Amino acid sequence: MASLLPCNIPVLILLMIIPFMITAAQNPPSPGYYPGSRISTIGFDQGYRNLWGAQHQRVEQGSVTLWLDRSSGSGYKSLHPYQSGYLGADVKLQPGYTAGVITSFYLSNNEAHPGDHDEIDIEFLGTTPDKPYTLQTNVYIRGSGDRNIIGREMKFHLWFDPTQDFHNYAILWTPSEIIFLVDDVPIRRYPRKSDATFPLRPMWVYGSIWDASSWATEDGKYRADYNYQPFIGRYRNFKIGGCAAEGPASCRPPSASPSGSGGLSQQQQSGMEWVQRNYLVYDYCRDWKRDHTQTPEC
């Protein structure tokens, strides 16, 4: 037995190292800077109110739970419109069969500009139990809702299971760029290349859960199945840091990077590239079926 011991030691070491290597491979490199840590957390009632589906919304200890069943979904809206800012929340999604269901956190001015509105979206596209959730990011500029919808979708899978725990999802919107973040890791940067391709009008912050069976899951292949109701979305740790539309003109939104001058640091850029290399599943700029004369930023 003693003669076998030296041969077994490397095997034991490998058995201890391999799980660590697998875990490390699934996590993005550290961005080195966490803009959300500079924004204070507020309770739901401090920044939001019910918008619709009040009977499908429960507020407790500063958090909010929304649910969708056969009769209704639910949504909430910020108390104020914003010109820019870091706007985020922790979200936990429903496990199991959620096809056709959208759980969202987004900015919009649709109520102020119906048929001609701007929007910045984080949408979780429901799925079947054998497939992961898809996180869809999107930017609309003056036109969704008027039969001339020009979406700018980028879709991702995640490096974790979003049904197991809360994770932070945020939009950092400044006059020069939009950055989408997951746990403060940048996953997408949309720079302002022209006024025509960038949302500049004030927007409110929304969250909602609703039935989008016609398109949400594999272009409508799988629809919401209310045998699995209720479908639940949980939100907490709300962060609003930025410039209210009615605030002083001197207000400056937070920066995504430690430099304070916008853009991303090299470390943040590396993290974003890692996410896009490993988890990006759709990019509108790379879709040859799209008419890219309508998306000149590509």
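Predicted model: local features only at pLDDT ≥ 70, side-chain atom pairs only at ≥ 80, totals over all residues.
**View A. The aromatic pair of Trp 210 and Trp 215.** The ring centres of Trp 210 and Trp 215 lie 6.4 Å apart and their planes meet at 55 degrees, so the pair is classed as tilted, given that only planes over 60 degrees apart would count as edge-to-face. Trp 210 is partly exposed, with a relative accessibility of 29%, and Trp 215 is likewise partly exposed, its relative accessible area being 32%.

**View B. The aromatic pair of Tyr 226 and Phe 231.** With 6.0 Å from centre to centre and 70 degrees between the planes, Tyr 226 and Phe 231 form an edge-to-face pair. Tyr 226 has a relative accessible area of 15% and is therefore buried, the cut-off for this class being under 20%; Phe 231 is also buried, at a relative accessible area of 0%.

**View C. A cluster of linked rings.** Phe 44, Tyr 48, Tyr 76, Tyr 235 and Phe 238 are joined into a cluster by ring pairs.

**View D. Charged ends over aromatic rings.** Lys 77 places its charged end over the ring of Trp 204, at 4.6 Å from the ring centre, while the ring of Phe 166 has the charged end of Arg 236 sitting over it, 3.9 Å from its centre.

Definitions and conventions
Residues numbered from 1 in each chain as written. Heavy atoms only, no water. Phe/Tyr/Trp six-rings, centres within 6.5 Å; stacked < 30°, edge-to-face > 60°. Buried < 20%, exposed > 50% of the residue type's maximum accessible area, 1.4 Å probe, protein only. Lys NZ or Arg CZ within 6 Å of the ring centre and 35° of its normal.
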